[in-house]
Amino acid sequence: NILVRVDFNVPMNADFDITDDSRIRGALPSIKAILNAKHNAILMSHMGRPKKIQKGEDTDGSERKSMSLQLVQKRLSELAGV
């Protein structure tokens, strides 16, 4: 297993659509090289800075949703063809 720190802190619009996936595309060659070498790639990233969550001010959950990596995972799967 290989732990990889990736920068998937990608910009999203108000509807949580990824507006620029170049950071995801940039990580693909390294991820594919690890997988082609028959290793597992464990990806580690973050999204945004949780100021409201840390202060307990995210009452409607919107900030928490904006920091989810689920949409990044979906786009990564599409680009990687898996």
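The following exercises, each with a worked solution, concern a predicted model of a protein.

**Exercise 1. Overall architecture and confidence**

Task: State how many helices and strands the protein has, and in which pattern they follow one another along the sequence.

Solution. 
Step 1. The protein contains four helices and two strands.
Step 2. Read along the sequence, these elements follow the pattern β-α-β-α-α-α.
Step 3. As to confidence, the mean pLDDT of the protein is 87, and 89% of its residues reach 70 or more.
Step 4. Among the elements, strand S1 has the highest mean pLDDT, 96, whereas helix H2 (residues 51-55) has the lowest, 68.

**Exercise 2. Burial, surface and contact range**

Solution. 

**Exercise 3. The largest nonpolar core**

Task: Identify the residues with the most contacts inside the largest nonpolar core, and the elements that give two or more residues to this core.

Solution. 
Step 1. The largest nonpolar core has 14 residues, and those with the most contacts inside it are Phe8, Ile24, Val72 and Leu76.
Step 2. Helix H1 (22-36) and helix H4 (70-80) are the elements that give two or more residues to this core.
Step 3. The largest share, five residues, comes from H1.
Step 4. The surroundings of Phe8 can then be listed. Leaving aside residues up to four places away in sequence, Phe8 touches Arg23, Ile24, Ala27, Ile31, Leu43, Ser45, His46, Met47, Leu69, Val72 and Leu76.

**Exercise 4. The surroundings of aspartate 21**

Task: Locate aspartate 21, decide whether this residue is buried or exposed, and name the arginine residues with which it forms salt bridges.

Solution. 
Step 1. Aspartate 21 is placed in the loop between strand S1 (2-5) and H1.
Step 2. Its relative accessibility is 16%, so aspartate 21 counts as buried, the limit being under 20%.
Step 3. Aspartate 21 forms a salt bridge with arginine 25, in which the closest N and O atoms are 2.9 Å apart. Arginine 25 counts as partly exposed, at 44% relative accessibility.
Step 4. A salt bridge also joins the side chains of aspartate 21 and arginine 75, at 2.8 Å from N to O. This pair links distant parts of the chain, since aspartate 21 lies in the loop between S1 and H1 and arginine 75 in helix H4, 54 residues apart.
Step 5. Not counting residues up to four places away in sequence, aspartate 21 touches Arg75 and Leu79.

**Exercise 5. A salt-bridge network**

Task: Why are glutamate 78 and arginine 75 separated by about one helical turn, and which residues do salt bridges that share partners join into one network?

Solution. 
Step 1. Glutamate 78 and arginine 75 form a salt bridge, with the closest N and O atoms 3.0 Å apart.
Step 2. The two residues are separated by about one helical turn because they are three residues apart in helix H4.
Step 3. Glutamate 78 is partly exposed, with a relative accessible area of 45%.
Step 4. Through salt bridges that share partners, Asp21, Arg25, Arg75 and Glu78 are joined into one network.
Step 5. Arginine 75 is also partly exposed, with a relative accessible area of 22%.
Step 6. The structure as a whole holds four salt bridges.

**Exercise 6. Methionine 12 and leucine 71**

Task: Locate methionine 12 and state how far apart methionine 12 and leucine 71 are in sequence and in space.

Solution. 
Step 1. Methionine 12 lies in the loop between S1 and H1.
Step 2. With a relative accessible area of 21%, methionine 12 is partly exposed.
Step 3. Methionine 12 and leucine 71 are 59 residues apart in sequence, while their C-alpha atoms are 9.7 Å apart in space.
Step 4. Not counting residues up to four places away in sequence, methionine 12 touches Asp17, Ile18, Thr19, Met47, Ser66, Ser68 and Leu71.

Technical notes: Residues are numbered from 1 along each chain as its sequence is written. This is a predicted model: local features need pLDDT of at least 70, side-chain atom pairs count only at pLDDT 80 or more; totals for chains, interfaces and linings use all residues. Side-chain values use heavy atoms; hydrogens and water are left out. A nonpolar core is a set of buried Ala, Val, Leu, Ile, Met, Phe, Trp, Tyr and Cys residues joined through side-chain atoms within 4.5 Å. Buried means under 20% relative accessible area, exposed over 50%, partly exposed in between (1.4 Å probe, protein chains only). Contact means heavy atoms within 4.5 Å. pLDDT is the predictor's confidence in each residue, from 0 to 100.
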